[in-house]
Amino acid sequence: MQQAQKGDVVRVHYTGRLTNGEQFDSSVGREPLEFTVGGGQMIRGFDTGVEGMTVGEKKIINVAPEDGYGLRNDEAVIEFPIEQVPADMKLEPGMQLTLQNQDGQPVPVVVSEVGEKFVLLDANHFLAGKEIIFDLELVEIV
């Protein structure tokens, strides 16, 4: 039986969850996720987890932060002066915003704290620093 290998285009159903069981994403009820194994489209742990699977095979993989969304980076937490926030914008912890970097590229951030002089904006991916678990099913090798 054919195994998925680097360079293959595959279709996979998945459910992603944290170690506490909280689900953060799933393809259930949607089309399977299609990507090229080893093509750099997926996080490394997901990519290597699919490699070697056969069509119809199901498995559970644990992905360490280093093979997932990376470790948290304290330098990605920005102190933004409160006086630069538009007066009509009411910021609250947990709010998601999009800033632009020097090159004009969008940078998603989350408001982590609102103080008197500064707002703390966290540009880390919400899964950074977390071990994640995927339930995988290889649906097809295209």
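Guide: Let us begin with the convention for charge: Lys and Arg count as positive, Asp and Glu count as negative, and His and the chain ends are not counted. The model before us is predicted. In the protein chain, the mean positions of the 11 positive and 24 negative charges are 4 Å apart.

Visitor: What pattern does the protein chain follow when it is read along the sequence?

Guide: The pattern is β-β-β-α-β-β-β-β-β-β. In total, the secondary structure comes to one helix and nine strands. The radius of gyration is 19 Å, well over the 14 Å that the globule rule gives for 142 residues, so the protein chain is more spread out than a compact globule. Along the principal axes, the C-alpha atoms fill a box of roughly 65 × 35 × 30 Å.

Visitor: What share of the residues counts as buried, and how large is the accessible surface?

Guide: Of the 142 residues, 32% count as buried. The accessible surface comes to about 9100 Å², and carbon and sulfur atoms account for 47% of that area.

Visitor: Which share of the contacts joins residues at least 24 apart?

Guide: When contacts between residues at least 6 apart in sequence are considered, 62% of them join residues at least 24 apart. Leaving aside residues up to four places away in sequence, Thr 54 touches Met 1, Gln 2, Gln 3 and Leu 138.

Visitor: Is Thr 54 buried or exposed?

Guide: Thr 54 has a relative accessible area of 17%. The cut-off for buried is under 20%, and therefore Thr 54 counts as buried.

Visitor: How many salt bridges are there, and what is the general idea behind them?

Guide: Side chains of opposite charge can pair when their charged atoms come close. The working criterion is a side-chain nitrogen of Lys or Arg within 4 Å of a carboxyl oxygen of Asp or Glu. By this rule the count is seven salt bridges. One of them joins the side chains of Glu 140 and Arg 11, with an N to O distance of 3.5 Å. Glu 140 belongs to strand S9 (residues 132-141) and Arg 11 to strand S1 (residues 9-18), so that pair links distant parts of the chain, 129 residues apart.

Visitor: Which residues are linked with Arg 11 in a network of salt bridges?

Guide: The network links Arg 11, Glu 31, Glu 34 and Glu 140. Two of these residues may be compared by their burial. Arg 11 is buried, at a relative accessible area of 18%, whereas Glu 140 is partly exposed, at 32%.

Visitor: Which residue forms a salt bridge with Asp 67, and where do the two residues lie?

Guide: The partner of Asp 67 is Arg 44, and their closest N and O atoms are 2.7 Å apart. Asp 67 is in the loop between strand S4 (58-63) and strand S5 (77-81), while Arg 44 is in helix H1 (residues 44-50); the pair links distant parts of the chain, 23 residues apart. Asp 67 is partly exposed, with a relative accessible area of 30%.

Visitor: Which residue pairs with Asp 122 in a salt bridge?

Guide: Asp 122 pairs with Arg 72, and the closest N and O atoms are 2.7 Å apart. Here strand S8 (residues 118-122), which holds Asp 122, is linked to the loop between S4 and S5, which holds Arg 72; the two residues are 50 residues apart. Asp 122 is buried, with a relative accessible area of 12%, whereas Arg 72 is partly exposed, with 43%.

Note on methods
Residues numbered from 1 in each chain as written. Predicted model: local features only at pLDDT ≥ 70, side-chain atom pairs only at ≥ 80, totals over all residues. Heavy atoms only, no water. Helix = DSSP H or I, 4+ residues; strand = E, 2+ residues; numbered from the N terminus. Buried < 20%, exposed > 50% of the residue type's maximum accessible area, 1.4 Å probe, protein only. Rg over C-alpha atoms; globule rule 2.2 N^0.38 Å. Contact = heavy atoms within 4.5 Å. Areas by Shrake-Rupley, 256 points an atom, 1.4 Å probe, with all protein chains shown as cover. Charge placed at Lys NZ, Arg CZ, Asp CG, Glu CD.
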